[in-house]
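Please find below a colleague's note on the model under review.

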Amino acid sequence: MDKCKLAVCQIKVTSDKGFNISHAEDSVRRAARQGAQVVVLPEMFNCPYETHLFPSYAESYSKGETVQMMSRVADQLDIVLVGGSIPERDGDFVYNTCFTFGPRGDLLGRHRKVHLFDVDLPNLKVQESSTLGPGNELTVIDAGFCKIGVMICFDVRFPELARLLVLAGIDVLVIPAAFNLITGPAHWDLTMRARAVDNQVYVAAASPARDDRADYVAYGHSIVVDPWGDVVARAGTGEEIIMVELDPEKIREVRGRLPLLTQRRTDLYEIIRK
Ligand SMILES: NC(=O)CCC(=O)C(=O)O
(Lines give C-alpha, C1' and ligand atoms only; values in the text may rest on other atoms or scores of the structure.)
Protein backbone atom coordinates (compact mmCIF):
# COMPACT_ATOMS: atom_id res chain seq x y z
CA MET A 1 0.00 0.00 0.00
CA ASP A 2 1.05 3.59 -0.60
CA LYS A 3 0.02 6.34 1.78
CA CYS A 4 -3.43 7.51 0.74
CA LYS A 5 -6.33 9.63 1.93
CA LEU A 6 -9.65 7.95 2.66
CA ALA A 7 -12.90 9.80 3.32
CA VAL A 8 -16.14 8.48 4.78
CA CYS A 9 -19.28 10.40 3.83
CA GLN A 10 -21.95 10.23 6.51
CA ILE A 11 -25.06 11.47 4.70
CA LYS A 12 -28.76 11.56 5.33
CA VAL A 13 -31.03 9.18 3.44
CA THR A 14 -34.60 10.17 2.53
CA SER A 15 -37.49 8.46 0.80
CA ASP A 16 -36.66 10.36 -2.42
CA LYS A 17 -34.29 8.17 -4.41
CA GLY A 18 -33.36 10.93 -6.88
CA PHE A 19 -32.47 13.27 -4.03
CA ASN A 20 -30.41 10.55 -2.31
CA ILE A 21 -28.37 9.94 -5.45
CA SER A 22 -27.57 13.59 -6.12
CA HIS A 23 -26.94 14.24 -2.43
CA ALA A 24 -24.45 11.36 -2.32
CA GLU A 25 -22.77 12.75 -5.45
CA ASP A 26 -22.41 16.20 -3.81
CA SER A 27 -20.85 14.64 -0.75
CA VAL A 28 -18.39 12.55 -2.77
CA ARG A 29 -17.38 15.68 -4.73
CA ARG A 30 -16.77 17.55 -1.46
CA ALA A 31 -14.61 14.70 -0.15
CA ALA A 32 -12.56 14.65 -3.35
CA ARG A 33 -12.06 18.43 -3.17
CA GLN A 34 -10.62 17.86 0.30
CA GLY A 35 -8.06 15.49 -1.21
CA ALA A 36 -9.63 12.05 -0.73
CA GLN A 37 -8.41 9.31 -3.07
CA VAL A 38 -10.77 6.69 -1.66
CA VAL A 39 -14.33 7.72 -0.77
CA VAL A 40 -16.82 5.53 1.08
CA LEU A 41 -20.62 5.85 1.19
CA PRO A 42 -23.03 4.23 3.72
CA GLU A 43 -25.15 1.11 3.49
CA MET A 44 -28.41 1.58 1.53
CA PHE A 45 -27.64 5.21 0.78
CA ASN A 46 -30.25 5.55 -1.96
CA CYS A 47 -33.12 3.89 -0.08
CA PRO A 48 -34.60 4.05 3.43
CA TYR A 49 -33.40 1.07 5.45
CA GLU A 50 -36.76 -0.74 5.47
CA THR A 51 -36.73 -4.26 4.15
CA HIS A 52 -40.12 -4.01 2.43
CA LEU A 53 -38.88 -1.03 0.38
CA PHE A 54 -35.75 -2.69 -1.00
CA PRO A 55 -37.44 -4.32 -4.04
CA SER A 56 -39.10 -1.09 -5.22
CA TYR A 57 -35.86 0.93 -4.95
CA ALA A 58 -33.76 -1.83 -6.51
CA GLU A 59 -31.93 -1.37 -9.80
CA SER A 60 -29.88 -3.63 -12.03
CA TYR A 61 -26.17 -3.10 -12.60
CA SER A 62 -26.60 -2.53 -16.31
CA LYS A 63 -29.43 0.04 -16.13
CA GLY A 64 -29.22 1.59 -12.68
CA GLU A 65 -29.18 5.35 -12.21
CA THR A 66 -27.22 5.06 -8.94
CA VAL A 67 -24.64 2.81 -10.54
CA GLN A 68 -24.25 5.21 -13.46
CA MET A 69 -23.74 8.16 -11.11
CA MET A 70 -21.05 6.30 -9.17
CA SER A 71 -19.12 5.25 -12.26
CA ARG A 72 -19.28 8.78 -13.75
CA VAL A 73 -18.20 10.49 -10.54
CA ALA A 74 -15.30 8.10 -9.88
CA ASP A 75 -14.11 8.76 -13.42
CA GLN A 76 -14.49 12.55 -13.27
CA LEU A 77 -12.86 12.85 -9.85
CA ASP A 78 -10.14 10.26 -10.46
CA ILE A 79 -10.96 8.44 -7.21
CA VAL A 80 -11.81 4.99 -5.93
CA LEU A 81 -15.46 5.10 -4.88
CA VAL A 82 -16.63 2.37 -2.52
CA GLY A 83 -20.28 2.92 -3.25
CA GLY A 84 -21.88 2.11 0.09
CA SER A 85 -24.64 -0.27 -0.79
CA ILE A 86 -27.86 -0.21 -2.76
CA PRO A 87 -30.63 -2.72 -3.39
CA GLU A 88 -29.48 -4.49 -6.55
CA ARG A 89 -31.86 -6.50 -8.72
CA ASP A 90 -30.52 -9.49 -10.59
CA GLY A 91 -33.13 -11.76 -12.13
CA ASP A 92 -35.64 -12.79 -9.47
CA PHE A 93 -33.43 -11.70 -6.58
CA VAL A 94 -32.57 -8.48 -4.80
CA TYR A 95 -29.21 -8.14 -3.03
CA ASN A 96 -27.67 -5.62 -0.65
CA THR A 97 -24.75 -4.74 -2.89
CA CYS A 98 -21.66 -2.56 -2.74
CA PHE A 99 -20.25 -1.58 -6.13
CA THR A 100 -16.74 -0.12 -6.16
CA PHE A 101 -15.56 2.00 -9.07
CA GLY A 102 -12.04 3.00 -10.04
CA PRO A 103 -10.52 6.24 -11.35
CA ARG A 104 -11.55 5.49 -14.92
CA GLY A 105 -15.09 4.70 -13.90
CA ASP A 106 -14.45 0.99 -14.25
CA LEU A 107 -16.07 -1.52 -11.89
CA LEU A 108 -13.35 -2.76 -9.54
CA GLY A 109 -15.54 -5.05 -7.47
CA ARG A 110 -18.99 -6.01 -6.29
CA HIS A 111 -19.81 -7.21 -2.80
CA ARG A 112 -23.22 -8.66 -2.06
CA LYS A 113 -23.87 -8.74 1.69
CA VAL A 114 -23.08 -12.26 2.79
CA HIS A 115 -24.73 -12.32 6.23
CA LEU A 116 -28.28 -11.03 6.17
CA PHE A 117 -29.46 -9.11 9.23
CA ASP A 118 -32.16 -11.38 10.64
CA VAL A 119 -32.57 -10.59 14.34
CA ASP A 120 -35.22 -10.52 17.02
CA LEU A 121 -34.05 -8.19 19.78
CA PRO A 122 -36.08 -6.20 22.33
CA ASN A 123 -37.51 -3.27 20.33
CA LEU A 124 -35.75 -4.36 17.14
CA LYS A 125 -36.95 -7.05 14.79
CA VAL A 126 -35.43 -7.08 11.31
CA GLN A 127 -35.53 -9.77 8.68
CA GLU A 128 -33.48 -8.82 5.65
CA SER A 129 -33.99 -12.30 4.22
CA SER A 130 -37.70 -11.47 3.75
CA THR A 131 -36.74 -9.45 0.65
CA LEU A 132 -33.03 -10.03 0.02
CA GLY A 133 -30.87 -12.89 -1.14
CA PRO A 134 -27.40 -13.46 0.36
CA GLY A 135 -24.14 -12.95 -1.50
CA ASN A 136 -21.75 -15.85 -1.79
CA GLU A 137 -18.43 -14.20 -2.57
CA LEU A 138 -15.54 -12.62 -0.69
CA THR A 139 -14.60 -9.24 -2.08
CA VAL A 140 -11.03 -8.00 -2.36
CA ILE A 141 -10.43 -4.89 -4.42
CA ASP A 142 -7.00 -4.17 -5.81
CA ALA A 143 -6.97 -0.40 -6.24
CA GLY A 144 -3.25 -0.36 -7.14
CA PHE A 145 -2.17 1.92 -4.31
CA CYS A 146 -4.06 -0.17 -1.71
CA LYS A 147 -5.98 -3.40 -1.31
CA ILE A 148 -9.48 -3.05 0.08
CA GLY A 149 -11.66 -5.75 1.64
CA VAL A 150 -15.37 -5.00 1.55
CA MET A 151 -17.99 -6.24 3.98
CA ILE A 152 -21.46 -4.83 4.60
CA CYS A 153 -22.70 -4.04 8.11
CA PHE A 154 -23.80 -7.31 9.80
CA ASP A 155 -20.90 -9.06 7.98
CA VAL A 156 -18.60 -7.35 10.50
CA ARG A 157 -19.85 -9.64 13.26
CA PHE A 158 -18.35 -12.69 11.57
CA PRO A 159 -14.62 -12.61 12.26
CA GLU A 160 -13.87 -15.49 9.89
CA LEU A 161 -14.87 -13.34 6.92
CA ALA A 162 -12.57 -10.50 7.94
CA ARG A 163 -9.71 -12.92 8.57
CA LEU A 164 -10.07 -14.48 5.12
CA LEU A 165 -9.92 -11.01 3.55
CA VAL A 166 -6.81 -10.20 5.58
CA LEU A 167 -5.17 -13.47 4.55
CA ALA A 168 -5.87 -12.34 0.97
CA GLY A 169 -3.65 -9.32 1.66
CA ILE A 170 -5.96 -6.36 2.29
CA ASP A 171 -4.73 -3.16 3.98
CA VAL A 172 -8.11 -1.74 4.90
CA LEU A 173 -11.47 -3.24 5.66
CA VAL A 174 -14.20 -0.95 4.33
CA ILE A 175 -17.66 -1.45 5.80
CA PRO A 176 -20.74 0.41 4.58
CA ALA A 177 -23.09 -0.09 7.51
CA ALA A 178 -26.26 1.01 9.28
CA PHE A 179 -26.28 -0.05 12.90
CA ASN A 180 -29.17 1.32 14.98
CA LEU A 181 -29.96 2.75 18.41
CA ILE A 182 -30.12 -0.70 20.05
CA THR A 183 -26.98 -2.40 18.76
CA GLY A 184 -25.02 0.76 17.90
CA PRO A 185 -24.29 1.96 21.45
CA ALA A 186 -23.56 -1.62 22.53
CA HIS A 187 -21.46 -2.96 19.69
CA TRP A 188 -20.53 -0.45 16.94
CA ASP A 189 -17.16 0.72 18.27
CA LEU A 190 -16.48 -2.68 19.78
CA THR A 191 -16.88 -4.69 16.57
CA MET A 192 -15.04 -2.17 14.39
CA ARG A 193 -12.12 -1.98 16.82
CA ALA A 194 -12.12 -5.75 17.34
CA ARG A 195 -11.77 -6.46 13.61
CA ALA A 196 -8.92 -3.91 13.42
CA VAL A 197 -7.08 -5.36 16.43
CA ASP A 198 -7.61 -9.01 15.42
CA ASN A 199 -6.29 -8.41 11.97
CA GLN A 200 -3.95 -5.43 12.34
CA VAL A 201 -5.56 -3.54 9.49
CA TYR A 202 -7.37 -0.24 9.10
CA VAL A 203 -11.16 -0.44 9.43
CA ALA A 204 -13.40 2.27 7.93
CA ALA A 205 -17.15 2.07 8.54
CA ALA A 206 -19.68 4.43 6.94
CA SER A 207 -23.12 4.98 8.49
CA PRO A 208 -26.03 7.09 7.28
CA ALA A 209 -26.61 10.22 9.36
CA ARG A 210 -29.18 9.78 12.11
CA ASP A 211 -32.80 10.65 11.37
CA ASP A 212 -34.89 10.32 14.52
CA ARG A 213 -38.12 10.33 12.48
CA ALA A 214 -37.15 7.29 10.39
CA ASP A 215 -38.67 3.84 11.01
CA TYR A 216 -35.15 2.47 11.41
CA VAL A 217 -32.89 5.03 13.05
CA ALA A 218 -29.25 4.67 11.97
CA TYR A 219 -26.66 5.05 14.71
CA GLY A 220 -24.32 7.41 12.83
CA HIS A 221 -20.80 7.70 14.29
CA SER A 222 -18.98 6.62 11.13
CA ILE A 223 -15.54 5.58 12.24
CA VAL A 224 -12.00 4.84 11.14
CA VAL A 225 -9.82 2.62 13.33
CA ASP A 226 -6.09 2.08 12.85
CA PRO A 227 -4.26 -1.29 13.00
CA TRP A 228 -3.50 -0.78 16.71
CA GLY A 229 -7.22 -0.35 17.45
CA ASP A 230 -7.12 3.39 18.02
CA VAL A 231 -10.06 5.38 16.70
CA VAL A 232 -8.44 7.89 14.35
CA ALA A 233 -11.63 9.56 13.10
CA ARG A 234 -15.20 9.45 14.30
CA ALA A 235 -18.29 11.32 13.13
CA GLY A 236 -21.12 12.57 15.29
CA THR A 237 -24.71 11.75 14.40
CA GLY A 238 -25.37 14.37 11.70
CA GLU A 239 -24.03 14.76 8.20
CA GLU A 240 -20.24 14.86 8.13
CA ILE A 241 -17.20 13.84 6.13
CA ILE A 242 -14.36 12.27 8.07
CA MET A 243 -10.95 11.92 6.50
CA VAL A 244 -7.78 10.02 7.42
CA GLU A 245 -4.45 9.24 5.88
CA LEU A 246 -3.83 5.48 5.69
CA ASP A 247 -0.18 4.72 6.31
CA PRO A 248 1.36 1.34 5.39
CA GLU A 249 4.13 1.98 7.92
CA LYS A 250 1.55 1.83 10.71
CA ILE A 251 0.49 -1.67 9.60
CA ARG A 252 4.13 -2.80 9.34
CA GLU A 253 4.99 -1.38 12.75
CA VAL A 254 2.06 -3.00 14.58
CA ARG A 255 2.58 -6.35 12.86
CA GLY A 256 6.33 -6.20 13.45
CA ARG A 257 6.02 -5.56 17.19
CA LEU A 258 3.00 -7.81 17.82
CA PRO A 259 3.25 -10.48 15.11
CA LEU A 260 -0.19 -12.03 15.54
CA LEU A 261 -0.64 -13.13 11.98
CA THR A 262 2.64 -15.03 11.84
CA GLN A 263 2.15 -16.52 15.32
CA ARG A 264 -1.07 -18.29 14.37
CA ARG A 265 -0.87 -22.03 15.15
CA THR A 266 -1.91 -23.26 11.74
CA ASP A 267 -0.66 -26.70 12.76
CA LEU A 268 -3.52 -26.74 15.32
CA TYR A 269 -6.27 -24.83 13.51
CA GLU A 270 -6.93 -23.13 10.23
CA ILE A 271 -9.62 -21.20 8.50
CA ILE A 272 -10.88 -22.62 5.23
CA ARG A 273 -12.54 -20.77 2.41
CA LYS A 274 -15.07 -22.97 0.63
N1 LIG B 1 -27.87 -3.29 8.50
C2 LIG B 1 -27.33 -4.16 9.30
O3 LIG B 1 -26.77 -5.16 8.91
C4 LIG B 1 -27.43 -3.82 10.75
C5 LIG B 1 -26.48 -4.65 11.59
C6 LIG B 1 -26.52 -4.25 13.00
O7 LIG B 1 -27.16 -3.29 13.40
C8 LIG B 1 -25.78 -5.06 13.94
O9 LIG B 1 -25.91 -4.76 15.13
O10 LIG B 1 -25.06 -5.98 13.55
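**Notes on the predicted model**

1. The ligand is surrounded by Glu43, Phe117, Cys153, Phe154, Arg157, Ala178, Phe179, Asn180, Thr183 and His187; a residue is listed if its C-beta atom, placed from the backbone, lies within 6 Å of the molecule. By class, this shell holds five nonpolar, three polar and two charged residues. Here Ala, Val, Leu, Ile, Met, Phe, Trp, Tyr, Cys and Pro count as nonpolar, Asp, Glu, Lys and Arg as charged, and the others, Gly among them, as polar.

2. The model is predicted: local features need pLDDT of at least 70, side-chain atom pairs count only at pLDDT 80 or more, and totals for chains, interfaces and linings use all residues. Residues are numbered from 1 along each chain as its sequence is written. The chain averages a pLDDT (the predictor's confidence in each residue, from 0 to 100) of 98, and 100% of the residues score at least 70. For the complex, the predictor gives an ipTM of 0.99 and a pTM of 0.98.

3. An unreviewed UniProt entry places the feature "domain: CN hydrolase" at residues 4-248; UniProt positions follow the numbering used here, feature names are shortened, and annotations may be inferred rather than shown by experiment. The end C-alpha atoms of residues 4-248 lie 9 Å apart, and the span is 25% helix and 30% strand. Helices (H or I, at least four residues) and strands (E, at least two) are DSSP runs, numbered from the N terminus.

4. Met44 is in the loop between β2 (38-40) and α2 (54-57), while His221 lies in the loop between β12 (202-206) and β13 (223-225).

5. Are Met44 and His221 buried or exposed? Met44 counts as buried because it has 28 C-beta neighbours inside 10 Å; His221 is buried, with 22 other C-beta atoms within 10 Å. The cut-offs are 20 or more other C-beta atoms within 10 Å for buried, 12 or fewer for exposed, and partly exposed in between, with C-beta atoms placed from the backbone.

6. Arg255 is located in helix α6 (residues 248-257). Arg255 counts as partly exposed because it has 16 C-beta neighbours inside 10 Å. Leaving aside neighbours within four places in sequence, Arg255 is in contact (C-beta atoms, placed from the backbone, within 7 Å) with Gln200 and Leu261. The C-alpha atoms of Arg255 and Arg29, 226 residues apart along the chain, are separated by 35 Å.

Conventions: Two residues are in contact if their C-beta atoms, placed from the backbone, lie within 7 Å.
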